[in-house]
Amino acid sequence: MTNTLHRRGTPQTLRQDFVLFATPSRSLSPDLPDKMKRFTEICLRHNPLNMAKIENMAMRRVDPRRLKEEMQDQIGITAVFDNPDSLASAIAELKEADLGIPINVSGLLEQVKECCGKAGITRHSVEQSLGIFGKKEKLPPPEIVEINTLCGHGMVSFNLIKKVADEVKLGRMTPEQGAYLLAKPCECGAFNPVRARQVLEALRMKG
Amino acid sequence: MEIDAAKCVGCGNCVPFCTMGAIRVENDVAVVNEDECVECSTCYRCCGPEGLRATFVRGLRRLFRALHLRYDAPLDVCPTGALVPPELKWPRSLRRAFSDPTVTHDSTGMAGRGTEEIKTNDITGRIGPGEAGIVIDLGRPGTGVFFRDIDTMTRALAQLDVFFEPQNPLTHLMNDPQNGSLRKDIANEKVLSAIIELKIKLADLPEVLHLVEKTATALDTVISVGVSTKCDPEGGIPHESICSGAGYPLSLNGKTNLGLGRPVEGMS
C-alpha cells in the first residue's frame with residue numbers, strides 16, 4: 001500500500017503533517033506484541049492527533065486515548081503528528097528503545113532527515129511521489145484533492161469534502177466539526193484533522 | 001452495496017459518503033449504480049443506523065412538511081438502517097478486496113491493496129543498491145479504475161525489463177507475469193484503486209516512467225506514481241538526480257524508512 005505517499009499540500013501545510021508507523025514484516029518475531037506495545041506507548045507519550053492499528057489483518061481507526069486498553073495482537077500501528085518537535089522526540093525514543101522493527105515516517109523529507117540527524121540515525125530508504133498522471137481533468141479543485149489524500153486509502157470522497165465545505169461556508173458546521181466528520185471514513189488513521197480544519201477554514205474565507 | 005428499498009426513506013445521507021459517487025436518490029429511495037460501486041462499504045460504516053421505523057420517519061416528515069418545519073438530521077446516520085453489505089461472489093468480490101481496507105486481502109493475507117514496498121526494506125532488502133521500486137497507483141486519487149485499464153498498463157510495462165512484485169495482489173491476478181496480462185473474467189470489475197509494484201534497474205527509471213506517462217493518457221482514470229530507492233551510506237537519495245534529469249519533479253514529502261529494523265532469522 002502506498003497509503004501516505006501521495007499527500008498533497010504546500011511546503012507550509014506539510015510542515016505540520018507527519019505519519020509515524022511501524023509495519024513489521026509478515027515474518028513475525030515471537031516477541032512482536034511486546035515491541036508493538038512499546039512502540040504504541042512511545043507514540044502516545046507525544047500526543048498524536050490520530051491513530052490506527054492493523055488487527056486480525058484488517059485496519060481499524062482507534063481513539064488514541066483508548067488504544068492502550070484496546071491493544072491485543074495488532075501487527076501495525078499508525079500515528080499522526082502535527083509538531084516536528086514531538087516527532088523528533090518520538091524518533092529519538094524509538095532509537096533508544098531499539099525495538100528492531102521497521103519504522104517509517106511520512107512527511108517533508110528534509111524535516112524528517114533533520115529529526116533523524118538529531119537522533120543519530122542515517123535514513124535507510126526513501127520513497128517519493130511523482131504526482132498524478134492520466135486524466136487529471138476528472139479531479140476536483142486542489143483543496144478537495146488535498147483533503148482526499150490525507151486518507152491513505154482515499155476513503156474520504158470528493159463529494160463528502162465538497163458537502164462539508166459547503167456546510168462550513170453556510171455556517172451549519174464549524175471547521176472543527178467538519179474535520180471530525182471527514183476523519184470518520186479513514187480507517188487507516190492517517191487522516192490529519194488539523195490540516196483538514198485549516199483547508200476548510202481557507203475554503204470558508206475564499207467563499 | 002445494497003439498499004433495502006422497503007426501509008430507505010431517501011434522506012440522502014449516504015450519497016456524499018460514496019467514494020465513487022455511485023449512490024443517488026430517485027423517487028425518495030437511494031439507488032446504487034452497481035457498475036460504479038466498488039463495495040468499499042464506506043457508506044455502511046459511516047452512516048450508522050438510528051433504529052427508526054421507515055413508516056415513523058415518513059409520517060414525521062409529512063407532519064413537518066404540513067407545519068412548514070424542517071429538521072436537519074446529523075449527516076452520518078442512516079435513520080432506518082437501510083444499507084446492507086451484500087455477500088459477494090467472484091469476480092465481484094475483488095471490488096471489496098481492493099477497496100475496503102477493513103477486510104483482509106485473500107491473496108496477500110493483509111489489509112490493503114499492496115505490499116510493504118520500502119516500509120520493510122531495512123529487514124527484507126527488497127530494493128537494493130542500483131535498484132528502484134516503482135508504485136503505480138491506478139484510480140487514485142478518488143477516481144477508481146476498472147481492471148481492463150489496469151490490464152492495459154501491466155501489458156505495456158511487461159514489454160520492458162521489469163519485475164512485478166510477486167506478493168502484490170495484482171501479480172496474483174496475472175495469467176502470466178511475463179506478458180502482464182490479467183485474467184479476462186475480471187476486466188469489468190471496478191475498484192477504488194490498485195497498485196502495480198515493480199522493481200527495476202535504477203538506470204531504467206526514465207524509460208519506465210516515460211512509458212507509464214504515455215500509457216496513462218490512454219486510460220480513463222488518474223494514476224499516482226511513486227519511486228523508491230535504498231539510500232547511500234550518507235543518507236542521499238539515488239533516484240533524485242535521475243528523476244529530475246528525466247523531467248519528473250519529485251514531491252518534497254515522502255516516506256522515510258528509518259533503518260531501525262533488524263532482519264528476522266531465516267528471512268532473506
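This is a predicted model: local features need pLDDT of at least 70, side-chain atom pairs count only at pLDDT 80 or more; totals for chains, interfaces and linings use all residues.
User: Let's start with helix α2 of chain A. How do you know that its length agrees with that of a helix of 14 residues?

Analyst: Happy to show you. At 1.5 Å a residue, the 14 residues of α2(A), 32-45, should span 20 Å, and the end C-alpha atoms are 20 Å apart, so the two values agree.

User: Which residues of α2(A) are buried, and what puts them on the same side of the helix?

Analyst: The buried ones are L32(A), K35(A), M36(A), F39(A), T40(A), I42(A) and C43(A). They cover an arc of only 160° around the axis, and therefore they sit on the same side of α2(A). The face turned away from that buried side carries D34(A) and R45(A), which are exposed. Just after the helix, N47(A) takes a positive phi of about 55°.

User: And helix α7 of chain A: how does its reach compare with what is expected?

Analyst: Its 12 residues, 158-169, reach 16 Å from the first C-alpha to the last, close to the 16 Å expected at 1.5 Å a residue. Buried in α7(A) are F158(A), L160(A), I161(A), V164(A), A165(A), E167(A) and V168(A).

User: What covers those buried residues of α7(A)?

Analyst: The cover includes α6 (142-148), α8 (175-183) and α9 (193-206) of chain A, together with α1 (14-17) of chain B. Just after α7(A) comes G171(A), with a positive phi of about 75°.

User: Why is strand β4 of chain A called largely enclosed?

Analyst: Because 6 of the 6 residues in β4(A), 76-81, are buried, the strand is largely enclosed by the rest of the structure. In a regular strand the side chains alternate between the two faces of the sheet. Here both faces are covered: G76(A), T78(A) and V80(A) are buried on one side, and I77(A), A79(A) and F81(A) on the other.

User: What makes β1 and β4 of chain A a pair?

Analyst: Pairing needs at least two bridges, and β1(A), residues 18-22, and β4(A) have 5 bridges in the antiparallel sense. So with 5 bridges against a requirement of at least two, they count as paired. L20(A) stands opposite A79(A) of β4(A).

User: Over to chain B. Why is L205(B) called buried, while P206(B) is called partly exposed?

Analyst: Buried means under 20% relative accessible area, and exposed means over 50%. L205(B) has 0%, so it is buried. P206(B) has 21%, which lies in between, so it is partly exposed.

User: Finally, why is R45(B) with E187(A) called a salt bridge?

Analyst: The cut-off is a side-chain nitrogen of Lys or Arg within 4 Å of a carboxyl oxygen of Asp or Glu. The N to O distance here is 3.4 Å, so the contact qualifies. The count between chain B and chain A is 5 salt bridges.

User: How much area do the two chains bury between them?

Analyst: About 7300 Å², with 58% of it on carbon and sulfur atoms. In this interface, 85 residues of chain B are in contact with 76 residues of chain A.

Terms used. Residues are numbered from 1 along each chain as its sequence is written. Chains are lettered from A and ligands numbered from 1 in the order in which they are written. Side-chain values use heavy atoms; hydrogens and water are left out. Helices (H or I, at least four residues) and strands (E, at least two) are DSSP runs, numbered from the N terminus. The expected span of a helix is 1.5 Å times one less than its number of residues. Buried means under 20% relative accessible area, exposed over 50%, partly exposed in between (1.4 Å probe, protein chains only). The arc is that of the directions from the helix axis to the C-beta atoms. Contact means heavy atoms within 4.5 Å. Buried area is the accessible area (1.4 Å probe) that two parts lose on being put together, summed over both.
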